[in-house]
Amino acid sequence: MAIELKMPALSPTMEEGKLAKWLVKEGDEVSSGTILAEIETDKATMEFESIDEGTVGKILVEEGTEGVKVGTVIAMLAGEGEDASSIEAPAAPKVEAQQVKSDVIQDVSAESGTAKLATEEKPKKRDPEVPHGTNMKTSTVRDALRDAMAEEMRRDERVFVMGEEVAEYQGAYKVTQGLLDEFGPKRVIDTPITEYGFAGIGTGAAMGGLRPVVEFMTFNFAMQAIDHIINSAAKTNYMSGGQMRCPIVFRGPNGAASRVGAQHSQNYGPWYASVPGLVVIAPYDASDAKGLLKAAIRSEDPVVFLENELVYGRNFELPELDDHVLPIGKARIMREGSDVTIVSYSIGVGVALEAAEKLAEEGIDAEVLDLRTLRPLDKEAVLESLAKTNRIVVAEEGFPVCSIASEIASICMEEGFDDLDAPVTRVCNEDVPLPYAANLEHAALIDTDRVIEAVKKVCYR
Amino acid sequence: MPKTKTDAASGTTDTPVTPATQDDFDLGSLQQALEGDKRYKADKEELLKLYEQMLLIRRFEEKAGQLYGLGLIGGFCHLYIGQEAVAVGLQSALDGDKDSVITGYRDHGHMLAYGIDPKVIMAELTGRAAGISKGKGGSMHMFSVEHKFYGGHGIVGAQVPLGAGLAFAHKYNEDGGVAMSYFGDGAANQGQVYEAFNMAALWKLPIIFVIENNQYAMGTAVNRSSAETHFHRRGSAFRIPGMQVDGMDVLEVRKAAEIALEYVRAGNGPVLMELNTYRYRGHSMSDPAKYRSREEVQGVRDKRDPIEHAKAELVELGMSEDTLKDLDKTVRKQISEAADFAESSPEPEMSELYTDVLVERY
């Protein structure tokens, strides 16, 4: 059977090109790899190789022809036992593929991804009830996190912890204290200072069926490893059509610490929260830290778990339960109120609660909503609270531009516009790298006074 | 796992042993073993099987190039033509039930060598629902957990620590498996490769690092990008023994793989293999490959082609020309069917846009 040689597309964007030069003539014998012609695309001159063996029959497009559409039959090739001179050109050149593509694009534009996601039914999970009479103990966030890891390691042999100084040193911030003694060096592993490398090894181990908990000494250093968090861990399930999972937890302190300067003081919540394929959790108190870290370790998805160094040592009430696991993706009302909602997460929740107490003294009843999970974000909880109070202030320890606060403002505009009695207002850090000097650092970070001021503004007081 | 005080406490030694104090390290020990006996002794049938696999890859890639030219394959498409003996020779030595494999974006050949159906690979290239990634991955992002093939990674060098992670899982699970991580001479200059070398050697992970040196990192020849172009020496700073192998001779590749596997399976830690090979086509379909001469490419094709080499050897062993011709026809038919399947099967449903982002629902 005669073979049609068609004008090839030689780059992802090529639609037509110039047939610059024929390197064979009619009657020539060719084999696989023989260069047939030179074709000029918009970017380069490319060689067009033969795939098949045969004899060049009729050349249908002369050399020097410009604007030859991709898919046009440019020559015929006679196969074994055929007479090249008798081969006829096809009646009409077919152009396929391009047509299919344009149909698809139309389909997509019919319904945007955001709209589609919004309409999808979500499971209505709430925090499990703490049984009446449960003993409440006082625990630091640090101990709650350690207990969460220890409990999950006892429960599942596949769970292991790796990172810098997590084993013999007992954790740079003592979050992994005691784990080496209980679980041994096979499951509590000190790594060299090589974030990109061990984030990749952890991700590969998760692909291979383990449940790694990778500790970054701080998330500032995870910038070295962000390629594996995003390109390797977050995208794999989607790119593999759901066959290859990556159940891993990347955890460590995030956000400003104290007097450590710009390179060690940044909140990466908005960075990771913008990536589909990741779960991003940023708890505030000990109960949420423990319950959500346990949920994160059990999740089949890659989780970025953002802690805060300044909160590690704070004491909170923690229910003494055998298995304290909380639902991912659900915000929590930390304080009920009716006049205004202060939305926050991580260390900002403490600031918001303090502001709410002071506002109460002035007769303003503020609700405080802790997002807890930044992705997927609990939009329903934000919109429900907005419907109740009609005013939202977002308190976020982080840069203001393209922040979680920006996202909350956008959600309220798009889906809660009729409920708004005042503009959604952001209270974030100043839009500067964090300075070292005590007075400047203090001035750059969010504080209670600024939250109070913003609340009063939206309450027109 | 890493050396810790607990190891010391177990009584094996009083002072912690660091790799640097061991004097049994010999960078060239495996190379010497290979020099002694370079080629795997394949019988006629074995060699025919390897030849068939290489031919399947060659014809598949030629067809993929053709479909790309017709606009049926989009984006980036990196062909493996010329390098077939590497994947086929190495893969043939692995234990398919235990060992895992990971590679970069030039991944079609490795999947075919693993026995994955050409239809689902080709359908992935054309972006169809029947593709191995449901059409959502494309040429560079294909996986088969069933075959322990872990991708298909588009970021140059990422597969090296990921592969070390697979090896970590083998060791952790004590399943006897070895991970094989393929990467190119270009990726060999990435920092994360050396981070992975360090940890793999430190923790004695069961992994073979395979550098497919096809002489060009996209358009940059190795001597323009690499201070040390003998890539098999690149592990010496981490006490990883290296091997330099003719990647155009499938039987030498097979033999080298056996030597490396024996060393790694014995718990000695990683091996670094450099396979000298050559890609006939451009880096990707849109690369005109002006950085080398036509004569250079033709010279390799004429003198070192792995498939022609194996074919000549088969004839020498008494394989009839007719058998080889029939095999060629069978392979062509198989590829032609794969291409028809890939062209005619439907594109993914619109609902697939939103599936597989996360595994669980929150």
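A: First, a term. A crossing is right-handed if the near helix is turned clockwise from the far one by less than a right angle, and left-handed if it is turned anticlockwise. By that rule, α3(B) passes α4(B) in a right-handed crossing. Keep in mind that this is a predicted model.

Two values describe such a pair. Packed helices are characterised by the angle between their axes and the distance between those axes. Start with chain B. Helix α3(B) covers residues 44–69 and helix α4(B) covers residues 84–91. Their axes lie 9 Å apart, and the packing angle is about 140°. That angle makes α3(B) oblique to α4(B). The cut-off matters here, because only angles over 145 degrees count as roughly antiparallel.

Which residues of α3(B) and α4(B) meet? From α3(B) come Leu50(B), Gln53(B), Met54(B), Ile57(B) and Arg58(B). From α4(B) come Glu84(B), Ala85(B) and Val88(B). Sorted by class, the contact of α3(B) with α4(B) has five nonpolar residues, one polar residue and two charged residues.

Helix α3(B) has another helix to consider. Its axis and that of α13(B), residues 321–344, come within 9 Å. The two axes cross at roughly 40°. α3(B) and α13(B) are therefore oblique to each other. The crossing of α3(B) past α13(B) is right-handed. On the α3(B) side, the contact is made by Glu52(B), Leu55(B), Leu56(B), Arg59(B), Phe60(B), Lys63(B) and Leu67(B). On the α13(B) side, it is made by Leu327(B), Asp328(B), Val331(B), Arg332(B), Gln334(B), Ile335(B) and Ala339(B). By class, the contact of α3(B) with α13(B) has eight nonpolar residues, one polar residue and five charged residues.

Now chain A. The axes of α5(A) and α6(A) come within 9 Å. They cross at roughly 20°. So α5(A) and α6(A) are roughly parallel to each other. Their crossing is right-handed. Helix α5(A) contributes Tyr196(A), Ala199(A), Gly200(A) and Thr203(A) to the contact. Helix α6(A) contributes His228(A), Ile229(A), Ser232(A) and Ala233(A). The residues of this contact divide into four nonpolar, four polar and no charged.

Both of these chain A helices also turn up where the chains meet. In all, 67 residues of chain A are in contact with 58 residues of chain B. Several elements of chain A each supply at least two residues of the side that touches chain B. The helices are α1 (98–110), α2 (113–119), α5 (195–207), α6 (226–234) and α7 (236–239). The strands are β5 (45–49) and β11 (188–190). α5(A) gives the most to this side of chain A, with 10 residues. The residues of the side of chain A that touches chain B divide into 29 nonpolar, 28 polar and 10 charged.

Next, the strands. In chain A, an open sheet of four strands runs in the order β5-β4-β2-β7, with antiparallel pairing. Its edge strands are β5 and β7 (65–69), and each pairs on one side only. On average, neighbouring strands of this sheet are turned by 40° against each other, direction ignored. Three bridges join β2(A), residues 16–22, to β7(A). Leu19(A) stands opposite Thr65(A), which is in β7(A).

Step back to the whole of chain A. The domain assignment gives domain 1 (3–99), domain 2 (138–319) and domain 3 (333–458). The centres of domain 1 and domain 3 of chain A, taken over C-alpha atoms, are 64 Å apart.

Last, some backbone details to check. Most peptide bonds are trans, and most residues other than glycine have a negative phi. A cis peptide bond joins Arg375(A) and Pro376(A), with omega about -5°. Pro376(A) is found in the loop between β20 (373–375) and α11 (379–389) of chain A. In chain B, the peptide bond from Gly151(B) to Gly152(B) is cis, with omega near 25°. Gly152(B) lies in strand β2 of chain B, residues 149–152. Arg259(A) is not a glycine, yet has a positive phi of about 60°. Look for Arg259(A) in the loop between β13 (249–253) and α8 (269–273) of chain A.

Conventions: Residues are numbered from 1 along each chain as its sequence is written. Chains are lettered from A and ligands numbered from 1 in the order in which they are written. This is a predicted model: local features need pLDDT of at least 70, side-chain atom pairs count only at pLDDT 80 or more; totals for chains, interfaces and linings use all residues. Two residues are in contact if their C-beta atoms, placed from the backbone, lie within 7 Å. Ala, Val, Leu, Ile, Met, Phe, Trp, Tyr, Cys and Pro count as nonpolar, Asp, Glu, Lys and Arg as charged, and the others, Gly among them, as polar. Axes are lines fitted to C-alpha atoms, for helices over the stretch in contact, and angles run from 0 to 180 degrees between N-to-C directions. Angles under 35 degrees count as roughly parallel, over 145 as roughly antiparallel, 65 to 115 as roughly perpendicular and the rest as oblique. Domain bounds come from an automatic or database domain assignment. Two strands pair if DSSP finds at least two bridges between them.
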